[in-house]
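Please consult the sequence and the model alongside the text.

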Amino acid sequence: MKTNSFRLVLLGAPGAGKGTQAERLAEKFSVPQISTGVILRAAIEAGTPLGLKVKELIENGKLVSDEDVVAIVGQRIAEKDCENGFILDGFPRTIPQAEALENLLEERGLTLDAVLSIEVNDSDIVSRMSGRRVCKKCGASYHVVYKRPRNGNLCDNCSSELTIREDDKVEVVMGRLEAYHKQTAPLKEYYAAKGLLVAVEGKEELSETSAAVDEALENL
Ligand code: ADP
């Protein structure tokens with residue numbers, strides 16, 4: 001694995017633990033975590049034009065347009081802190097997004113180092129999602145059983161009250177899983193064909209998943 005830069009994409013169903021691993025890996029490799037979900041929820045919270053446009057889609061478990069997320073990511077990866085790489089969490093989610101990412105990187109003479117898929121079956125996803133909590137202010141995510149906040153229902157980073165995401169309700173989760181299988185899962189083959197895909201099983205125990213992820217990345 002290259003040590004001077006690291007560009008990684010995380011794939012996985014909603015609730016597979018992408019965000020948690022992205023946060024950890026970003027710290028480990030000293031590169032920013034770019035989570036389109038966090039950026040979009042922040043836009044909704046701030047009531048920006050983008051936020052107003054995507055609110056209903058997100059709350060109903062639908063994907064935001066490729067054009068909007070590609071614009072977000074294009075701007076973000078051009079920032080100075082992405083010079084040594086990034087961990088993309090939640091993007092790309094469709095083949096056109098993956099192609100757009102390739103173009104964005106190509107323009108800068110860059111390539112991805114790896115695409116890590118965290119695999120969890122659907123029934124486990126549905127039961128896990130009910131325990132998820134997020135901080136609306138800083139975007140950090142927690143789980144009432146698997147990743148408990150240190151202090152009651154408050155965020156470890158900014159002490160704001162944690163909430164349940166509107167789109168983590170069971171009916172919406174089912175729709176998001178469907179979107180994942182239809183639109184995002186084909187990316188696994190897309191990246192496998194490019195020799196970039198590594199897959200690990202997402203376990204309930206965070207430390208087990210983290211160990212599997214680290215091992216997979218060391219073997220790159
Ligand atoms: P999860 O991975 O748990 O589904 P995210 O926080 O990544 O959650 O995304 C939440 C929602 O934000 C998605 O269901 C979708 O509506 C929207 N979203 C995030 N990233 C993208 C993307 N790359 N393309 C389209 N929509 C996106």
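The predicted model holds one cavity of 30 Å³ or more. A cavity is a set of points, on a 1 Å grid over the protein atoms alone, where a 1.4 Å probe fits but cannot get out. The space in the largest cavity is about 50 Å³; a volume is the space filled by probe spheres set on the points, which are joined across faces, edges and corners.

Leu 10, Leu 11, Gly 12, Lys 18, Gly 90, Phe 91, Pro 92, Arg 93, Tyr 180 and Thr 184 line the largest cavity, lining residues being those with an atom within 4 Å of a point. Strand 1 (6-12) and helix 7 each supply at least two residues of this lining, and the largest share, three residues, comes from strand 1. Helices (H or I, at least four residues) and strands (E, at least two) are DSSP runs, numbered from the N terminus. By class, five lining residues are nonpolar, three polar and two charged. Ala, Val, Leu, Ile, Met, Phe, Trp, Tyr, Cys and Pro count as nonpolar, Asp, Glu, Lys and Arg as charged, and the others, Gly among them, as polar.

## Basis of the model

Residues are numbered from 1 along each chain as its sequence is written, and side-chain values use heavy atoms, with hydrogens and water left out. In this predicted model, local features need pLDDT of at least 70 and side-chain atom pairs count only at pLDDT 80 or more, while totals for chains, interfaces and linings use all residues.

## Strand pairing

Strand 1 pairs with strand 4 in the parallel sense over five bridges; two strands pair if DSSP finds at least two bridges between them. Leu 10 of the cavity lining has Leu 116 as its bridge partner in strand 4. Strand 4 is also joined to strand 8 (residues 197-201), in parallel, by five bridges, and there Leu 116 has Val 198 as its partner. Of the six residues of strand 4 (residues 114-119), five are buried, that is, under 20% relative accessible area with a 1.4 Å probe and protein chains only.

An open antiparallel sheet has three strands in the order 6-5-7. Strand 6 (141-143) and strand 7 (162-163) are its edges, each pairing on one side only.

## Helix contact

Tyr 180, His 181, Lys 182, Gln 183 and Thr 184 of helix 7 meet Pro 186, Leu 187 and Lys 188 of helix 8, contact meaning heavy atoms within 4.5 Å. The residues of this contact comprise three nonpolar, three polar and two charged.

Key:
1 Å grid on protein atoms, 1.4 Å probe; cavity = no way out; pocket = protein on both sides within 12 Å on 5 of 7 lines; lining within 4 Å. Buried < 20%, exposed > 50% of the residue type's maximum accessible area, 1.4 Å probe, protein only.
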